[in-house]
Each structure stands twice: as structure tokens, then as C-alpha cells.
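I opened the notebook to look up a few points in this model.

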Amino acid sequence: MTANGPRIRREKQTVAAMIDIYCHDQHDTNDVLCPECESLRDYAMQRLDRCPFGEKKSTCVDCTIHCYKPALREHIRVVMRYAGPRMIWRHPVLAVRHVLDGRK
């Protein structure tokens, strides 16, 4: 099952932007992700494609199902903690939409 609605697409953009920010700042990469971050992004996209809630999903932090493997869940948590506050400056529209999605 592949979910391609606007909510999932926006969530994919947000997660990808967060991973880009983290990788650029922490691993000193420019336009290309390091292999570890690229693997995390691919895994996150796969998880979003298979989200059982589809377009009605909450933000991942509020989700009742933790679909990430434990090690990858911790990695994405570190990425989001770092990149989340920086999103407002680098991707303000995505950041605001993400906050609004979390309040639904």
C-alpha cells in the first residue's frame, strides 16, 4: 500500500528536510547525504508509504504505533531534536504545517 496523498507527501518533505539539515550540519555534507543519513531517509520514506493511518496520521511523535526499528527510532529522534528548531529558519512553511498537523 503506497500512500501518496497531500498529508503523506508533506510529511515526507518535512522528514527529508530535517535529515538534510542534520546531515549537512553534523556530517559536513553539501548537496549529498552521507550513506547513513541516506539510509535513514530511505527507511523513513518506506515507513511513511506503509503507514496504516494514511492521510489521517498524526505526527510521528504522537503516533500510537512505533513502526521504526528501535535503533532507527533513536536515530530519527536525534535528527528531529537537532533539526526541528532549525526548520523555522530553513523551511518555515513546512515547519508551521508540521506544527499544525500535530495539533489536529
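**Cysteines**

I looked up the sulfur of C37 and found the closest cysteine sulfur, in C34, 3.6 Å away, which is too far for a bond. I took a disulfide as a pair of cysteine sulfur atoms within 2.5 Å, and the structure holds 0 of them. This is a predicted model: local features need pLDDT of at least 70, side-chain atom pairs count only at pLDDT 80 or more, and totals for chains, interfaces and linings use all residues. Residues are numbered from 1 along each chain as its sequence is written, and side-chain values use heavy atoms, with hydrogens and water left out.

I then checked accessible area (buried is under 20% relative accessible area, exposed over 50%, partly exposed in between; 1.4 Å probe, protein chains only). C37 is buried at 0%, whereas C67 is partly exposed at 33%.

**Core**

I read a nonpolar core as buried Ala, Val, Leu, Ile, Met, Phe, Trp, Tyr and Cys residues joined through side-chain atoms within 4.5 Å. The largest one has 25 residues, and V15, I19, C37, I76, V79 and M87 touch the most other members. Two or more residues each come from α1, α2 (35-49), α3 (70-90) and α4 (92-103); helices here are DSSP runs of H or I, at least four residues, numbered from the N terminus. α1 gives the largest share, 9 residues.

**K12**

I found K12 in helix α1 (residues 6-26). K12 is buried, with a relative accessible area of 17%. Beyond its neighbours within four places in sequence, K12 is in contact (heavy atoms within 4.5 Å) with N4, M45, L48 and D49.
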